[in-house]
Amino acid sequence: MKEEIATAGAPQAIGPYSQAIRSSGLLFLSGQIGLEPASGQIVAGGVSVEARQVLSNLQAVLKAAGASMDAIVRTTIYLVDMNDFVAVNEIYGSFFQRPYPARATVAVAALPRGARVEIDAIAQLA
């Protein structure tokens, strides 16, 4: 059994997917890019601003599921430029506390809408 989680507090899906799916006590959060929810546009100001928006978008989806960032057990960060790793890592670290989620960071050729960073997550629900 699976349940779709959706909120206006995060950008609407730009394809045939859900913002998140709840199944068997887990929440699978689709990748978020730095889209501002109301306008649907990438936030201006560089990769740090984008990363902050990405994590705020994930936070909004978690809230809609009745959870918080503390519930996240796994993330994947996708970067167009690995030179952005330090800047993204700094913002990422400000959204989490120990024990930090398990994580992978990978370089990709491109992301939707010209984004520089995307993050997806898996959360454990109570």
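Which residues are exposed on the other side of helix 2? Select Val86, Glu90 and Ser94: these are the exposed ones. This is a predicted model, so read each stop as computed from it.

Now select Val88, Ile91 and Tyr92, which are buried in helix 2. They sit on the same side of the helix because they cover an arc of only 105° around its axis. Show their surroundings next. The buried residues of helix 2 pack against helix 1, strand 4, strand 5 (102-107) and strand 6.

**The core.** Move on to the largest nonpolar core, which has 30 residues. Colour Leu27, Leu29, Leu55, Leu62, Val117 and Ile119, the members with the most contacts inside this core. Strand 3 (26-32), helix 1 (47-64), strand 4 (72-79), helix 2 (85-94) and strand 6 (117-124) each give two or more residues to it. Helix 1 provides the largest share, eight residues. In soluble globular proteins, nonpolar side chains tend to be buried together.

Zoom in on Leu62. Beyond its neighbours within four places in sequence, Leu62 is in contact with Leu27, Leu29, Ala67, Ser68, Met69, Ile72 and Ala123.

**Ala20.** Select Ala20 in strand 2 (residues 20-23). Is Ala20 buried or exposed? Its relative accessibility is 1%, so Ala20 counts as buried. Leaving out neighbours within four places in sequence, its contacts are Glu3, Glu4, Ile5, Leu27, Phe28, Leu29 and Val61. Then draw a C-alpha to C-alpha distance from Ala20 to Ile122: the two are 9.3 Å apart in space and 102 residues apart in sequence.

**Loops and backbone.** Go to the loop between strand 2 and strand 3 and pick Ser24. Its phi is positive, about 50°, although Ser24 is not a glycine. Ser24 is also exposed, with a relative accessible area of 72%.

Jump to Arg113, in the loop between strand 5 and strand 6. Arg113 has a positive phi too, near 60°, and is a residue other than glycine.

Next, select Pro99 in the loop between helix 2 and strand 5. Check the peptide bond from Arg98 to Pro99: it is cis, with omega near -5°.

**Last stop: the largest pocket.** How much space lies in the largest pocket? About 150 Å³. By class, the lining has seven nonpolar, four polar and one charged residues.

Key: Residues numbered from 1 in each chain as written. Predicted model: local features only at pLDDT ≥ 70, side-chain atom pairs only at ≥ 80, totals over all residues. Heavy atoms only, no water. 1 Å grid on protein atoms, 1.4 Å probe; cavity = no way out; pocket = protein on both sides within 12 Å on 5 of 7 lines; lining within 4 Å. Points joined across faces, edges and corners; volume = space filled by probe spheres on them. Nonpolar A, V, L, I, M, F, W, Y, C, P; charged D, E, K, R; others polar. Helix = DSSP H or I, 4+ residues; strand = E, 2+ residues; numbered from the N terminus. Buried < 20%, exposed > 50% of the residue type's maximum accessible area, 1.4 Å probe, protein only. Contact = heavy atoms within 4.5 Å. Core = buried A, V, L, I, M, F, W, Y, C linked by side-chain atoms within 4.5 Å. Arc of directions from axis to C-beta.
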